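Here is a short note for a colleague opening this entry for the first time. Please read the points with the structure in view.

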Amino acid sequence: MLKVLEGANIKLASVATDVFGFSGRLMLRALIDGRANPQEMAVLVKGNLRNKIAELELALEGNIEEHHRFLLELQLQRLQAGEKDLATLEQHIQQKLERYATQLELLDEIPGVN
């Protein structure tokens with residue numbers, strides 16, 4: 001995804017520490033949908049990134065074309081599918097560990113073990 005953004009001269013990663021965080025995803029969605037200019041996208045940001053709006057506007061000035069949007073959408077879908085799979089695996093692991101709850105509590109008491 002970052003390579004596609006760079007190819008469109010969108011330098012989001014140079015300003016945002018987590019391109020795939022909440023604000024980053026809002027901006028990615030706006031880019032994919034083609035519905036926002038750099039100033040409008042910069043307004044979407046939350047948290048500490050709001051302190052970097054001027055830099056963000058510059059980083060978002062690029063030339064994003066339809067093929068960039070297509071590739072970004074495809075990659076975003078892959079990312080979301082992977083996250084869904086990880087959540088499913090985590091749920092499955094938690095179910096399997098239920099019978100070891102006492103042992104897990106003891107292990108959690110060890111400093112540095114989580």
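1. Arg29 counts as partly exposed because its relative accessibility is 25%. (Buried means under 20% relative accessible area, exposed over 50%, partly exposed in between, with a 1.4 Å probe and protein chains only.) Arg29 forms a salt bridge with Glu73, and their closest N and O atoms are 2.8 Å apart. Arg29 sits in helix α2 and Glu73 in helix α5, so the pair ties together parts 44 residues apart in sequence. Glu73 is partly exposed too, at 21%. Salt bridges with shared partners join Arg29, Asp33 and Glu73 into one network. A salt bridge here is a side-chain nitrogen of Lys or Arg within 4 Å of a carboxyl oxygen of Asp or Glu.

2. A word on the source. This is a predicted model: local features need pLDDT of at least 70, side-chain atom pairs count only at pLDDT 80 or more, and totals for chains, interfaces and linings use all residues. Residues are numbered from 1 along each chain as its sequence is written, and side-chain values use heavy atoms, with hydrogens and water left out.

3. How many salt bridges does a search of the whole structure find? The count is 4. One of them joins Glu83 and Arg25, at 2.3 Å from N to O. That pair links distant parts of the chain: Glu83 is in helix α5, Arg25 in helix α2, 58 residues apart. Glu83 is partly exposed, at 36% relative accessibility.

4. Glu6 and Lys11 also form a salt bridge, with closest N and O atoms 2.9 Å apart. Glu6 is partly exposed at 38%. Lys11 is partly exposed at 29%.

5. Now the overall fold. The protein chain has 6 helices and 0 strands. (Helices, H or I of at least four residues, and strands, E of at least two, are DSSP runs numbered from the N terminus.) A compact globule of 114 residues would have a radius of gyration near 13 Å, but this chain has 19 Å. The radius is taken over C-alpha atoms, and the globule rule is 2.2 Å times the number of residues to the power 0.38. Along its principal axes, the C-alpha trace spans about 55 × 30 × 20 Å. Buried residues make up 25% of the 114.

6. Helix α5 deserves a look. Its 32 residues reach 46 Å from first C-alpha to last, close to the 46 Å expected at 1.5 Å a residue. The expected span is 1.5 Å times one less than the number of residues. His68, Leu72 and Leu76 are buried in α5. An α-helix has 3.6 residues a turn, so residues three or four places apart point the same way. The buried residues of α5 pack against α1 (2-7) and α2.

7. Phe70, Leu71 and Leu74 form a nonpolar surface patch with about 260 Å² of accessible area together. (Patches are made of residues with over 30% relative accessible area and no salt bridge; like charges are joined within 9 Å, nonpolar side chains, namely Val, Leu, Ile, Met, Phe, Trp and Tyr, within 5 Å. Areas come from the Shrake-Rupley method with a 1.4 Å probe; for residues, only the protein chains shown count as cover.)

8. Ser23 lies in helix α2 (residues 22-33). Ser23 counts as buried because its relative accessibility is 8%. Leaving out residues up to four places away in sequence, Ser23 touches Leu44, Val45, Lys46 and Leu49. Contact means heavy atoms within 4.5 Å.
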